[in-house]
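This report describes a few places in one protein model. Please keep the sequence and the structure in view while reading.

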Amino acid sequence: MKSGFLAGLGPREFMRRHWQKQPLLARGALPRYATRDRITREDLYTLAARDDIESRIVARRGAQWSVRHGPFTRQQLVRMPRRNWTLLVQGVDQKLPQAAGLLREFAFLPHARLDDVMVSYAAPGGGVGPHFDSYDVFLVQGSGERRWRIGSQADLELVPDLPLKILERFEPEQEWAVQPGDLLYLPPQYAHDGVAVDECITYSVGFRAPAADELASAFLDFLQDRLDVEGRYADPGVTPTREPGRLPQRMVDYAARITDRLRWSRADVERFVGAYLTEPKNNVVFEPPQRPLKPEAFAKRAQARGVRLAAATRMLVSNGDAYINGERHVPARRDIGRIATLADARELPPGFGGASGVTSLLYRWYAAGYIELAP
């Protein structure tokens, strides 16, 4: 078993051999997140008290499981038992730079696939039970020791009537004790169960994979806002009926003609996907600067210091369009290179240059709280 990030594999080899295929355990893969850039229990307690952060406690007593949703007061957390519970905090990358840095370790994967960093604190014996995820996940041990059991079972039946999804028949095939800095990659639907040996912090980097019905439903909503179908049903000359409860075929024919006129192009689909994948989560609120600079002052400081995306901002580019937090923008052709750099690196360095058009667009995003001046 090799050590180092991705167990000594380069990103290309990792993608070929493991991505969506088989698990990988890399010992000592990311030691900085267990030392210099570690997140502590106190950090999580502070985040769990906020009402703009999604948090929950999963606890076990024998065969009984319970789930409570935050926010939680510090008093509630310090009064928790000594064993068999876990605090899970979502979207930590939006609030703590250490977690945002962890996301950047996986920049060899498209930003469109990145979801968020969930961080958990577990008391000894804590866990969330044997389960599976519908997406790829990297599990990085921050502190303490956790014992993982995993299996590629086809039986994914869940225990009925529980407040969380736990496999009814878990069949582990491999087992490891992971230490601070170790990384475990799991493909979608790979059964796993992690139990804290002692107090521990675990980072979970999830990758979104929208379900087909979810995409289809969202696309229909997208089309609904863009429909421009004129006309209204009419039936002059219709004869009296003796069967008023029967659906008139004339109305069905009319509806069929209207729906046959509905069309969309690949460009429509691309614009939908760009907006959909950058749409912020419901609990995300962007805060514009309290004392925004005037456009001229912003342009000068941006060139001197550079700019970066706000932690919660999602941004993608495609075919000359820029998508940021669910909005589509069309930069001038001469500016798209710089906008693409911002999407890739999540920052533009000092002296990035460009015509006034790119600065004007950046200023709009700055005023909305989507980007910020680099410190």
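## Basis

This is a predicted model, in which local features need pLDDT of at least 70, side-chain atom pairs count only at pLDDT 80 or more, and totals for chains, interfaces and linings use all residues. Residues are numbered from 1 along each chain as its sequence is written, and side-chain values use heavy atoms, with hydrogens and water left out.

## F106

F106 lies in the loop between α4 (97-104) and β5 (114-122). Helices (H or I, at least four residues) and strands (E, at least two) are DSSP runs, numbered from the N terminus. F106 counts as buried because its relative accessibility is 0%; buried means under 20% relative accessible area, exposed over 50%, and partly exposed in between (1.4 Å probe, protein chains only).

Leaving aside residues up to four places away in sequence, F106 touches F5, L30, F138, L183, V205 and F207. Contact here means heavy atoms within 4.5 Å. F106 and F138 are 32 residues apart along the chain, and their C-alpha atoms are separated by 9.5 Å.

## L262

L262 sits in the loop between α6 (249-260) and α7 (266-278). With 31% relative accessibility, L262 counts as partly exposed.

## Second largest pocket

Which helix gives the most to the lining of the second largest pocket? That is α4, with 4 residues.
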